[in-house]
Amino acid sequence: MKTGKKILLVVLVFLLAVLLVLFAFVLYRMKGKASLEDHAAALAGEQQADMAALMARQAQEAEEAGSDVGKIPEEGQVAYHGNLYEYNDDLLTFLCLGVDSRQDIQKEKLPGKGGQADTIVLAVMDQKAKTLKMINISRDTMTKIRLYDTSGLFLYEEEAQLALQYAYGDGKEFSCELMEQAVSNLFYGIPIHGYAAIDVKAVASLNDAVGGVEVTVIEDLSRFMPELALGNTLTLTGRQALHYVQERQVETEELGANSLRMERQKQYLSAFIAKVKEQTRKDITLPVTLYSTASKHMITSITADQAVYLSTIALECTFSMEDMVSVRGIVEKQDVYEEFHIDEQALYDLIIQVFYRQVG
């Protein structure tokens, strides 16, 4: 065979190999997207109609009271404040949990011994608009949770702090699935496409992996570490970062200890994401290092094909501290423990703003 033909053959084989790799990547990416949608559908089931039923009831009550009910929704739409909305199916929503457990998060536990979900965040990614929003939900939110006995048999439902729902699973996948269901119920059946639960103790390792995170202390935590005095600006070490996001001053008489901690977590997470972006520009292997570090302390439903799909979307998404919001409500203290009671009107507004789009 002549040299020219050999070169041409090599080029053609190379191009064919590249096309096959690209084709495999596209198929893998499509499989990841489809499986995320399947996960959400399996969770939500008939509950996706809850929001529409709620709005219909509100419209009926308004009509009975003689108020203007506004436009009449078609199937799949909701009427709210005189306008029509439909669920934004470009969204991917993930439940992110920070778990406080004395045992290895990857070790199965008896119901009631699985630890508690101290941090509860919904990450909402818009695939079309390329935006990322995070909704911080108080661990003390009072809602219906499912209780199980030590053999894993369902007992009954009762109203309790949302964080406790994690404890009544196995401390692993079942705990995460229970939390998914409880949060979806709380948000009137919104689809949740996956979950990730990470032991809060992993914060120290992740913090050090990016070279520390700089914050200005917004709550006096000097009783835990002298360096964490109110107003101090410092680059947190791993141990300092763990204290900064984990501690609650529950011994004080002041209400809202968890709300104050949520503000610290919001501040830290925003600074951490900014630091990751900054350091990744210098070292493109950093995300792999972070995933490897987190995976030792994490339970997640996100598979490899889903991760491939999500990474291609996440790289294009915008995110700032303004994109982190908290569910509003009031804090009450019952005996020893605090209860957070959601402002239902504010929750309706938040759901419409984040998960729906206006159509009329």
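An open sheet of six strands runs in the order β11-β8-β3-β4-β5-β12, with mixed pairing. Strands β11 (298-300) and β12 (324-326) stand at its edges, each with a single partner strand, so one side of each lacks a neighbour in the sheet. Neighbouring strands are turned by 20° against each other on average, direction ignored. Axes for such angles are lines fitted to C-alpha atoms, for helices over the stretch in contact, and angles run from 0 to 180 degrees between N-to-C directions. Strands are DSSP runs of E with at least two residues, helices are runs of H or I with at least four, and both are numbered from the N terminus. Two strands pair if DSSP finds at least two bridges between them.

The model is predicted: local features need pLDDT of at least 70, side-chain atom pairs count only at pLDDT 80 or more, and totals for chains, interfaces and linings use all residues. Residues are numbered from 1 along each chain as its sequence is written, and side-chain values use heavy atoms, leaving out hydrogens and water.

The chain holds ten helices and 15 strands. Of its 360 residues, 44% are buried. Buried means under 20% relative accessible area, exposed means over 50%, and partly exposed lies in between (1.4 Å probe, protein chains only). The accessible surface comes to about 19000 Å², and 56% of it belongs to carbon and sulfur atoms. Areas come from the Shrake-Rupley method with a 1.4 Å probe; for residues, only the protein chains shown count as cover. Among contacts between residues at least 6 apart in sequence, 65% join residues at least 24 apart. Contact means heavy atoms within 4.5 Å.

Strand β4 (residues 116-126) is mostly covered, with ten of its eleven residues buried. Ten bridges join β4 to strand β3 (residues 91-100), and the two run antiparallel. In this pair, Leu91 stands opposite Asp126 of β4. Strand β5 (residues 131-137) is also antiparallel to β4, through seven bridges. The hairpin of β4 and β5 has four residues between the strands, and Lys130 takes a positive phi near 60°.

Ile120 lies in β4. Ile120 counts as buried because its relative accessibility is 0%. Its bridge partner in β5 is Ile137. The C-alpha atoms of Ile120 and Asn136 are 6.2 Å apart, and the two residues are 16 apart in sequence. Beyond neighbours within four places in sequence, the contacts of Ile120 include Leu95, Leu97, Ile135, Leu162, Met179 and Val183.

Ala196 stands opposite Thr300 in β11.

Strands β1 and β2 form another hairpin. Four bridges join β1 to strand β2 (residues 83-87), and the strands run antiparallel. Ala79 has Leu84 of β2 as its bridge partner. Two residues lie between the strands, and His81 in the turn has a positive phi of about 50°. In a regular strand the side chains alternate between the two faces of the sheet. Gln77 and Ala79 point one way from β1 (residues 77-80), Val78 and Tyr80 the other way, and all are buried.

Phe154 belongs to strand β7 (residues 154-161). Phe154 counts as partly exposed because its relative accessibility is 38%.
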